[in-house]
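Let's walk through this structure together, one step at a time. Have the sequence and the 3D view open as you read.

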Amino acid sequence: MTTAAGTPTDRSVLPVTERYTLLGWLRRNLFSDLFNSLLTLVALASILIVARLLLRWAFNTAEWGVIPANFNLIMRGQYPAIEAWRLWLVIYLLGTVVGIVWRLIVGQFNTTARVLVAIPLVLMLIPFFSMGTRLYLLITAVASFAGYFIAGYLPILHRGRAAVYFVIAYLVVMLILLRGVGAEDGSLPPVQPILWGGLLLSLLLAFFGITLSFPLGVLLALGRQSRLPAIRVISVIYIEFIRGVPLISLLFMGQIMLQLFLPDGFPLVDRVLRALVAITLFSAAYTAENVRGGLQSIPRGQYEAAQAVGLSTYQSTIHIILPQALRAVIPVLVGQFISLFKDTTLVALVGIFDLLGIARTIIANPDWLGTQQEVFAVIAVLFWIFSYTMSFASRRLERRLGVGQR
Amino acid sequence: MQEIHASQVRPPFYRDERVLGIFSQLLVVIIVVGLGLFFYNNMITGLREKHNIAITFSFLTQTAGFDIGESLIEYSRERTYLRAFVVGLLNTFQVAVLGIIFATALGIFVGVMRLSTNFLVSKIAAVYIDIFRNIPLLVLLIFWAQGVFLKLPRVADAIVLGDAVYLSNRGVAIPWGIPTESWSTYLIILGAGIVVGAGLAYFLREQGKRTGRMPLVTLWFIVTVAAVGLIGWIVLPQPMTLDVPILEGFNTQGGKILSQQFMALLSGLIIYTAAFIAEVVRAGIQSVSKGQREAATALGLTAAQTLRLIIFPQALRVIIPPLTSQYLNLTKNSSLAIAIGYPDLFAVAGNTILNQTGREIEMFTMIMGTYLSLSLLTSLLMNIYNRRIRLVER
């Protein structure tokens, strides 16, 4: 069947798209008038100056030897080298679970999936990695492939629910592997969380901070919007108090005072756990304010309609209000999660060796004096990669969910 | 049989919304108050039994016995803890106020760059924003302090800018004014100038309201004050002399020395916050619909008039609330000073005083109370301003 004239597929009625030549583009965007041309020249000059400075530093001045020498520290902190196989196992399992979940939820091996599988393969190219490390990375890539294909043959009815179970199971196994169980001389000796460090700890703190503070934040937001005065007042006081004080004061308070609040003889709470509690409580207040923005954007008609069809307050909140409210605030929430990830660096100030804490110990090491620029540049790039990926992913998710379009 | 209307049937009490509401509130209140009492009780008994101390603020009048690197008011180790606390508070104020001013300026600059039609300029701003929004502030600050300011040359080989500014690993020496005897007279003249300027501005505004032709009130105000200030400067015998630092042996003499820690903290905060403010400004300007600009042009307004009377006032309404939270963030973020050794409120009170006295509860009450009041005060001021510029609706 041919398309009728006038439908958008008919090329003849589409507006003529201007075809730019390179010169035309340059004139339009860079040299449209005298002022614009001057701006272009100034901008070009500053780019050249900065680029020259950076390149000179990176290739002439910087002593990069400090990075390969301390690479294990940067990645896993004081985690015992003998137990490093557990971390690799955690990574293989992560690859597998990502493969499984991808099959269950997305269902096709698209560009994003290819990029994800390519990550360990590209990491293999890093020059100072040993052959062993490269092999382990290859296993990770293979494991994620395997997860993807195996999941296709699993007899699964509720795909979404199964994916959630897989993720929860993975988290439990991961924590057991990291923390260890049983006796000191057993096959899986315990490793105290204070020994976890580097990138490993930063990512764990961020992940658990986000997953724990999110539900708390949603509850607080609902509490602040509640018709019940007592619940509203308590939520408001909590949110405003937390938002009024710096995170570092909460972290110090957690380290110094938490034990004071607990009864005598209560076992000492782990330092890392104390920091996680502080981060979670802090972030929940900000999440609550963001979610409240979404709740306020829901028109009254939605509440009334839900009531009219006979839904209870609980049902209308879960099925009608929250899904819409959360979808509306995805970009803000992801921004909030990124700042939580960045805020985890503050634990370095209370004696926990996350990525930043480890960086500070490396530059304090007499063997590596004067390497502040190199070490901090690498740390900053690592943080940047993860934050930027999160904001990039959020923009993709926004488009898929059609925020602002329906 | 009589028909019963639905509204006459009362649901059983366990499904009555009102009963449920009261019940759930009671439950939450009991849990929260119970937890609070539990913590409080543990704390009080713990303190009494283990350390044999009660909560009191009397230690604040004791001698501090420690030095503070920099201070806006007179301070020595013989002064009290309270004085040390105030020194820290003023240092926080100093960084916060200067940081807010410069971050706003840089943020607006980058935000406008981002909106430039020039491809390169816009991309430079985009790269700046994307880099600094995705790096933790603490990493930036420590990098800045240890990787840049500490790596500056020694004083003897200091980098000299225009024979007046010396950059070295001790800090930055800049020219500074030193007031002479006539300085207080000059201040009075300047005050009078501000009063005259404000009066003129009020008169102009009233006249503008009456005639419908609003003159450039703010510009007139600034011109008046500047004119009076200039006349005073010429008439009086030098109210202030300029003290330019000079290199003498291994040190700089004269001028004002901004410490390496202060400069690292301030510039780090400015660079970081400006990236966020730039996004706020960009979003605000973009929120003004294209039709507004077109309508203004159609009415015959010039480009400058369109910007001043149409675009800017409307953009400001969108910009103010997120800008407020950026200001609050900057103030709270200044507490990261502890990582690079600048003696701000948190470093002095939460670290030094606390470690010396062991008064955790008292110190944390004071610190959190101070930050909380600072935050509430800033929000209050910005809310008042926001109400003034808000769209007046029917």
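**Confidence, chain by chain**

In chain A, the confidence is lowest in helix H1 (residues 22-29), with a mean of 76, and highest in helix H9 (residues 198-225), with 93. That score is pLDDT, the predictor's confidence in each residue on a scale from 0 to 100, and helices here are DSSP runs of H or I with at least four residues, strands being runs of E with at least two, numbered from the N terminus. This is a predicted model, in which local features need pLDDT of at least 70 and side-chain atom pairs count only at pLDDT 80 or more, while totals for chains, interfaces and linings use all residues. Residues are numbered from 1 along each chain as its sequence is written, and chains are lettered from A and ligands numbered from 1 in the order in which they are written.

Chain A averages a pLDDT of 86, and 94% of its residues score at least 70. Over residues 1-6 of chain A, though, pLDDT stays under 50, and the model has 4 contacts beyond four places in sequence for this stretch. A contact means that the C-beta atoms of two residues, placed from the backbone, lie within 7 Å. Where pLDDT is low, the predicted coordinates should not be read in detail.

Chain B has a mean pLDDT of 85, with 95% of its residues at 70 or more. For the complex, the predictor gives an ipTM of 0.86 and a pTM of 0.86.

Now turn to the build of chain A. Its secondary structure comes to 17 helices and 0 strands, and its C-alpha atoms fill a box of roughly 80 × 70 × 55 Å along the principal axes. Of the 406 residues in chain A, 30% are buried; a residue is buried if 20 or more other C-beta atoms lie within 10 Å of its own, exposed if 12 or fewer, and partly exposed in between, with C-beta atoms placed from the backbone. Among contacts in chain A between residues at least 6 apart in sequence, 75% join residues at least 24 apart.

For a helix pair in chain A, look at helix H12 (residues 271-296) and helix H14 (residues 313-328). They pack at an angle of about 115 degrees, with their axes 8 Å apart. The axes are lines fitted to C-alpha atoms, for helices over the stretch in contact, and the angles run from 0 to 180 degrees between N-to-C directions. From H12(A), the contact uses A:Val291, A:Gly294 and A:Leu295, and from H14(A) it uses A:Ile321, A:Ala325, A:Leu326 and A:Ala328. By class, this contact has 6 nonpolar, 1 polar and no charged residues. Here Ala, Val, Leu, Ile, Met, Phe, Trp, Tyr, Cys and Pro count as nonpolar, Asp, Glu, Lys and Arg as charged, and the others, Gly among them, as polar.

How do the chains meet? The contact takes 42 residues from chain B and 41 residues from chain A. On the chain B side, helices H1 (17-51), H3 (119-133), H4 (137-149), H10 (345-357) and H11 (360-389) each supply at least two residues. H1(B) gives the most, with 10 residues. The chain B side that touches chain A has 27 nonpolar, 12 polar and 3 charged residues.

A:Val245 sits in the loop between helix H10 (229-244) and helix H11 (247-261) of chain A. Leaving out residues up to four places away in sequence, A:Val245 touches A:Leu250, B:Met368, B:Tyr371 and B:Leu372. A:Val245 counts as buried because 23 other C-beta atoms lie within 10 Å.

Finally, two residues in chain B can be viewed side by side. B:Ile100 is found in helix H2 (residues 81-114) of chain B, and B:Ile100 is buried, with 21 other C-beta atoms within 10 Å. Not counting residues up to four places away in sequence, B:Ile100 touches B:Tyr327 and B:Leu330. The C-alpha atoms of B:Ile100 and B:Leu330 are 7.2 Å apart, although 230 residues separate them along the chain. B:Ser116 lies in the loop between H2 and H3 of chain B, and B:Ser116 counts as partly exposed, with 16 C-beta neighbours inside 10 Å.
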